[in-house]
Amino acid sequence: MKYRNLILSFLFFTSFAIAQEDSTKGTDLEKLFVSKAASYFCYGNKNFLPCINRDVELRSESCIAYVIRSSKACADQHIYGANLSNPDAVENIGVAYTQCSMLEMLEVEGKTYGNFEQCFNSNYSESNVHQTLNK
């Protein structure tokens, strides 16, 4: 249930999109997609990142930059080259990328999924989930 609303962030957090550090990679649509997915962790559901890296300042451009920087392999795997103009595929691509990004960030930080899950379950609060995603 907590993970179910991942894709909704793509619809509601478009204003938080920023360019990737490697601005030569990907089309504008691909870069926007990655930025919107990153905004989920920073604005949409603020329960995840504190269990991955407590030093990341939520609700900031530096947060989005951190997520993008820490999930490059997932962007390469799921976003770049994907058919983002196909509305039927976008949801699946978004969910796969977001799930992959969380696991990649855990790896970057040297944390296990078990440690993350324990922190997440102990600290989860619906108040950290944007009201639009709680509907």
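**Disulfides and their surroundings**

Mentor: In this predicted model, the torsion about the S-S bond of Cys42 and Cys63 is about -90 degrees, so this disulfide is left-handed.

Trainee: What does the pair of Cys42 and Cys63 tie together?

Mentor: Cys42 belongs to helix α2 (residues 28–44) and Cys63 to helix α4 (residues 61–69), so the link ties together parts that are 21 residues apart in sequence. Both Cys42 and Cys63 are buried.

Trainee: What makes the link of Cys51 and Cys119 a disulfide?

Mentor: Their sulfur atoms are 2.1 Å apart. The limit is 2.5 Å, so the pair qualifies. With -75 degrees about the S-S bond, the link of Cys51 and Cys119 is left-handed. It connects distant parts of the chain, with Cys51 in helix α3 (residues 49–52) and Cys119 in helix α7 (residues 113–123), 68 residues apart.

Trainee: Why is Cys51 called buried?

Mentor: Buried means under 20% relative accessible area. Cys51 has a relative accessibility of 6%, so the term applies.

Trainee: Is Cys119 buried or exposed?

Mentor: Cys119 has a relative accessible area of 16%, which is under 20%, so Cys119 is buried.

Trainee: Why is the disulfide of Cys74 and Cys100 called left-handed?

Mentor: The torsion about the S-S bond of Cys74 and Cys100 is about -80 degrees, and the disulfide is therefore left-handed. The sulfur atoms of Cys74 and Cys100 lie 2.0 Å apart. This pair links distant parts of the chain: Cys74 is in helix α5 (residues 72–78) and Cys100 in helix α6 (residues 87–109), 26 residues apart.

Trainee: How do you know whether Cys74 is buried or exposed?

Mentor: The relative accessible area of Cys74 is 2%, under the 20% limit, so Cys74 is buried. For Cys100 the value is 17%, also under 20%, and Cys100 is therefore buried.

Trainee: How many disulfides does the rule give, and what is the pairing of the bonded cysteines in sequence order?

Mentor: The count comes to three disulfides. With the bonded cysteines of the chain numbered in sequence order, the pairing reads 1-3, 2-6, 4-5.

Note on methods
Residues are numbered from 1 along each chain as its sequence is written. This is a predicted model: local features need pLDDT of at least 70, side-chain atom pairs count only at pLDDT 80 or more; totals for chains, interfaces and linings use all residues. Side-chain values use heavy atoms; hydrogens and water are left out. Helices (H or I, at least four residues) and strands (E, at least two) are DSSP runs, numbered from the N terminus. Buried means under 20% relative accessible area, exposed over 50%, partly exposed in between (1.4 Å probe, protein chains only).
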